[in-house]
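Please view the sequence and the structure before reading on.

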Amino acid sequence: MDDLIAAIRIKGMRDGLLVSLPEGGWDEQSAVLLAQIDAQQAFFEGARLALDVGSQVIKVNEMVELRDRLSERHVSLWAVISESPATEQTTQLLGLATRVSKPRPEEQQSIDAGPISQETALYVNRTLRSGTRVEFPGSVVVLGDVNPGAELVVQGSAIIWGRLRGAVHAGSAGDAEAVVCALEIAPMRLQIAGEILQSPAGNPEGRPGMALIRDGSIVLEEWQPAGTGQA
Amino acid sequence: MTAQVITLSSGKGGVGKTTAVANIAVALATEGVKVVCIDGDIGLRNLDVVLGLENRIVYDIVDVIEGRCKLRQAMIRDKHLPELHLIPAAQTRDKTAVSPSDMVRICNELRPDHDFILIDSPAGIERGFRNAIAPADRVFVVTNPEVSAVRDADRVIGILEAEEKRGPALIINRVNPILVKQNDMLSAEDVLDLLGIPVIGIVPEDQTVIVSSNHGTPVALDPRSRAGQAFRNIAKRLRGQEVPFMGMEKQGGLWDRLQKMTGRR
């Protein structure tokens with residue numbers, strides 16, 4: 001279940017949140033989505049949700065049930081995006097939208113300016129392996145490594161209690177205050193806001209470090225325990 | 001008895017899945033354990049060639065699934081080892097001829113009469129791979145000490161974790177101690193460091209493997225082959241024996257690490 005929760009992709013858009021569900025049966029998917037919402041009530045409260053269900057066929061009563069259970073949680077389902085014509089018909093039958101506009105960068109920033117990225121973090125309790133992509137409109141804490149071939153795209157900061165060897169983009173909506181911390185920083189690609197780390201060689205000793213933007217470019221700093229070095 | 005179903009998978013092709021399945025199966029059968037191998041690579045079968053049984057195939061797994069024969073009829077007995085059987089893949093069909101539930105059903109039918117069922121997964125992470133891991137109790141991920149193979153193994157392990165196939169173990173195949181020493185190859189330790197799962201076997205590079213595969217006599221039958229010894233050790237570990245990893249080189253700290261990974265002290 002935890003794996004599936006992490007497989008849910010949540011994107012901030014002009015019109016609300018776009019949620020992509022992991023592969024699996026509908027019962028499991030909707031249970032996972034509701035569990036995720038229950039776990040982060042403050043984040044989802046009052047949200048407008050668009051659901052991307054891929055090619056899955058969803059019956060009218062299933063969609064109605066999900067809509068009702070979402071509204072119990074003060075989340076409104078306004079669109080269901082599907083590749084299946086049958087599901088699209090169902091969606092239209094319920095008076096929901098079947099298309100959403102692509103998120104535009106300036107709109108993403110407006111979400112980022114809100115309290116979400118400051119207050120809410122997604123906790124990922126596993127190693128992100130090759131082929132995994134985690135996107136989140138806030139900060140993310142990973143308990144595990146980020147392996148080569150994995151991608152972490154967050155609008156806030158990325159805190160990795162493990163080795164960073166994959167790709168990470170913090171402040172993906174333009175927040176230049178975002179930072180990337182890891183016990184060992186040897187990324188394939190490291191971006192903060194619009195900046196890319198020029199020589200992603202990492203800290204060779206494999207000591208804990210932090211990447212941040214200073215004077216318009218990304219610098220890597222070794223982490224100093226409080227009281228022994230800089231503040 | 002009820003058989004343990006083990007699938008060997010890798011993501012990347014050519015790392016030695018089929019060779020490993022054939023050799024582990026042969027090593028188990030030599031010890032008198034009842035083993036069935038299933039070739040999961042529908043359309044590109046070759047486990048039959050490595051085992052030297054290609055000219056005995058009458059029915060294959062798709063014939064079983066589509067009801068043209070009984071399961072017993074598709075099981076080919078090995079030439080030398082009476083405890084070893086092969087269920088070959090169909091060569092003229094593709095992966096869509098088999099579904100994950102077909103694999104589960106076939107394995108359930110085989111379980112009561114055998115000790116181990118080894119499934120050779122096709123390369124990739126698509127349908128054929130899903131079929132192969134569906135019935136698995138354990139999955140062994142085969143990799144080479146190469147960056148690309150390790151990356152693919154990592155992806156496969158990620159999928160296994162998402163599917164809640166617990167406890168995958170690693171077989172590192174074709175390790176060349178000389179290249180490792182010269183820092184021209186990833187060491188077993190580097191591979192473990194990245195993948196972070198227990199290791200069940202480390203197989204040295206050995207030219208006799210290719211020759212014996214072509215002859216259809218797996219190296220596990222050759223008492224002098226180092227690769228054969230490594231596969232025999234995997235078979236012993238599968239049966240619950242504690243076998244130290246072969247001293248293929250002094251890489252300092254590796255063996256401590258291996259022992260930690262395998263949970264031995």
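Is A:Ala193 buried, partly exposed or exposed? With 17 C-beta neighbours inside 10 Å, A:Ala193 counts as partly exposed, a class between buried (20 or more other C-beta atoms within 10 Å of a residue's own) and exposed (12 or fewer), with C-beta atoms placed from the backbone.

This is a predicted model, in which local features need pLDDT of at least 70, side-chain atom pairs count only at pLDDT 80 or more, and totals for chains, interfaces and linings use all residues. Residues are numbered from 1 along each chain as its sequence is written, while chains are lettered from A and ligands numbered from 1 in the order in which they are written.

| Residue | Phi | Location |
|---|---|---|
| A:Ala193 | about 50 degrees | loop between strands S12 (189–192) and S13 (195–196) of chain A |

B:Arg174 is buried, having 22 other C-beta atoms within 10 Å. Six of the seven residues of S7(B) (residues 169–175) are buried, so this strand is largely enclosed by the rest of the structure. Strands (E, at least two residues) and helices (H or I, at least four) are DSSP runs numbered from the N terminus.

S7(B) pairs (at least two DSSP bridges) in the parallel sense with S6(B), residues 138–143, over four bridges; B:Ala169 is the bridge partner of B:Phe140. From S6(B) the chain reaches S7(B) through helix H7(B), residues 147–162, in a right-handed β-α-β crossover, meaning that the path from the first strand over the helix to the second runs clockwise with the strands pointing away from the viewer. S7(B) also pairs in the parallel sense with S8(B), residues 199–204, over four bridges, and there B:Leu170 has B:Val199 as its bridge partner.
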